[in-house]
Amino acid sequence: MFDTLRESGWLLLEGTMWTILLSLVTLLLGGVMGFLLALIRVYGVWPLRAVVDAYVYVVRGIPLLLLLFFMYYGLPYMGIDLPTLPGGIAVMSLYFTALMCEIWRGALQSLPRGQLEAARALGMRLPLALTIILVPQAVRAVAGPLVNMAVLIVKSTSLVSIIGLSELTMVGHEIIERTFKPFEILGAIAVIYFSICYGLSRLGKAIEEKVQYGNP
Amino acid sequence: MDISSVVELRFLPALMEGATITVELAAASGLLSLLFALPLALLSMSGKRLLSAPARAYIEITRNVPLLIIVYLAYFGLAVAGSSMSAFACGILALTLQNSSYIAEIYRGALQSVDSRQWEGGKALGMTAVQTFTIAILPQALLKSLPALFNQIVLLLKDTSVISVISVGELLMQSKTLSEKTASTYELFLMVGAIYLILTTLVTLTGRVLERYLSFSH
């Protein structure tokens with residue numbers, strides 16, 4: 001068992017790197033776009049708001065794997081042929097944008113309305129009020145949930161192996177096909193995912209507790 | 001792309017068959033998870049390390065590993081163990097293994113949020129701990145957990161798509177098989193997206209109605 005793992009160790013490490021990279025890019029792109037969409041949902045004019053609402057509703061109602069299939073099998077028929085890596089990143093980011101938009105929206109809406117009114121009464125415009133009053137508070141509120149979202153993202157990156165993108169799960173699959181040792185490899189992969197996700201879960205919980213107690 | 005090509009009627013029978021299997025997967029693993037999660041939650045908060053440690057370990061492990069890996073492990077594992085379990089049953093097993101943990105955490109949160117003085121109240125009325133739990137604490141906790149539970153069922157419904165990797169003919173698998181036979185691939189995926197959206201919306205609406213119907217203000 002240990003021989004198999006020693007031989008495959010570097011490959012698994014490389015796969016892990018891709019999983020982490022893919023997760024980070026998704027978290028970053030999705031987090032930023034989710035924030036922008038949340039601003040529209042909370043402070044925007046209604047036609048824009050309706051579009052963002054519809055986007056979030058649709059994405060939350062369909063599986064990520066369907067979107068990946070759509071990108072991989074469907075788009076080429078429409079004349080759009082995305083390479084798998086940018087395509088996978090695009091789909092993951094767009095999907096998690098919608099989920100993270102919900103987190104940002106909840107945080108922005110949880111701030112007392114009086115704060116914005118007070119800022120306006122002091123002569124501040126919305127962008128200034130957002131940057132120095134509202135967003136800093138929202139960041140505190142979303143930090144924990146965003147870290148928990150990162151756990152979901154790391155787990156979801158395993159799905160891009162199905163459309164042939166090389167990350168931890170895909171690498172594992174290739175090793176299994178070569179060595180016929182499913183348990184050792186799957187076990188090792190499970191341990192790697194668990195280490196990353198459990199660490200992040202604990203971090204998310206710690207942040208949530210700190211924010212809760214620091215903000216009575 | 002005109003509307004008649006988007007709604008390709010010749011696909012519908014196969015997609016409906018797939019949707020049925022998707023719903024069966026979600027319903028079976030949903031019900032099993034709702035059942036298993038309760039003892040799991042109770043064990044995890046029992047306060048006795050001998051009981052709570054294994055339950056916590058189970059919950060943390062299954063929550064922090066991708067469903068896809070659990071599906072593969074169940075699939076290969078059962079094959080090696082010589083079990084003749086079908087891929088469908090294997091899918092239900094994998095979904096249940098993970099969702100029991102998610103739901104156990106929902107139960108735990110709800111149970112902890114019920115005012116602990118009610119235990120004393122039950123005792124003062126001469127009720128046993130079991131009576132207090134089943135008559136007073138549990139119903140309130142279930143009611144409180146209703147929104148989160150329905151949210152979890154929506155996630156479960158979407159997660160059934162992962163079971164397509166072990167060739168269970170659910171909605172996504174059907175659409176992929178069909179897409180290989182025709183050139184109307186993206187119309188097909190649009191239809192499948194619409195079907196998933198209808199299913200998840202139905203679950204969400206059922207949750208809202210049930211919540212309103214069961215809430216005390218009714």
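Q: Why are E60(B) and R63(B) said to be separated by about one helical turn?
A: In this predicted model, E60(B) and R63(B) are three residues apart in helix 3 (residues 49-63) of chain B, which means that about one helical turn separates them.

Q: What makes the pair E60(B) and R63(B) a salt bridge?
A: The side chains of E60(B) and R63(B) meet at 3.9 Å, N to O. A salt bridge requires a side-chain nitrogen of Lys or Arg within 4 Å of a carboxyl oxygen of Asp or Glu, so the pair qualifies.

Q: Why is E60(B) called buried, and why is R63(B) called partly exposed?
A: E60(B) has a relative accessible area of 12%; buried means under 20%, so the term applies. R63(B) has 23% relative accessibility, which lies between the 20% and 50% limits and is therefore partly exposed.

Q: How do you know that E105(B) and R108(B) form a salt bridge?
A: The closest N and O atoms of E105(B) and R108(B) are 3.1 Å apart. The cut-off is 4 Å, so the pair counts as a salt bridge. E105(B) and R108(B) both lie in helix 5 (residues 87-113) of chain B, three residues apart, and both are buried.

Q: Which residues are joined with R105(A) into one network by salt bridges that share partners?
A: R41(A), D53(A), R60(A) and E102(A) are joined with R105(A) into one network. Over all chains, the search finds 10 salt bridges.

Q: Why is T26(A) called buried?
A: T26(A) has a relative accessible area of 0%; the limit for a buried residue is under 20%, so T26(A) is buried. T26(A) is placed in helix 1 (residues 2-43) of chain A. Leaving out residues up to four places away in sequence, T26(A) touches residues including M92(A), F96(A) and I153(A).

Q: Why does S167(B) count as exposed?
A: The relative accessible area of S167(B) is 54%, which is over 50%, so S167(B) counts as exposed. S167(B) lies in the loop between helix 7 (129-159) and helix 8 (171-181) of chain B, and its phi is about 60° although S167(B) is not a glycine.

Q: What makes up the largest nonpolar core?
A: The largest nonpolar core has 100 residues, and those with the most contacts inside it are L64(A), L68(A), F96(A) and L15(B). Helix 4 (residues 84-110) of chain A gives the most to this core, with 12 residues. A second, separate core of 10 residues includes A37(B), A55(B), I59(B) and A104(B). In soluble globular proteins, nonpolar side chains tend to be buried together.

Q: How do you know that chain A and chain B touch?
A: Contact means heavy atoms within 4.5 Å, and by that limit 34 residues of chain A are in contact with 36 residues of chain B. The two chains bury about 3,100 Å² between them, 76% of it on carbon and sulfur atoms. L66(A), K155(A) and L186(A) supply 17% of the area that chain A buries against chain B, more than any other three residues. The count between the chains is zero salt bridges and seven residue pairs in polar contact.

Definitions and conventions:
Residues numbered from 1 in each chain as written. Chains lettered and ligands numbered in written order. Predicted model: local features only at pLDDT ≥ 70, side-chain atom pairs only at ≥ 80, totals over all residues. Heavy atoms only, no water. Buried area = accessible area lost by both parts, 1.4 Å probe. Polar contact = N/O pair within 3.5 Å; in protein donor to acceptor, adjacent residues only side chain to side chain. Helix = DSSP H or I, 4+ residues; strand = E, 2+ residues; numbered from the N terminus. Buried < 20%, exposed > 50% of the residue type's maximum accessible area, 1.4 Å probe, protein only. Core = buried A, V, L, I, M, F, W, Y, C linked by side-chain atoms within 4.5 Å.
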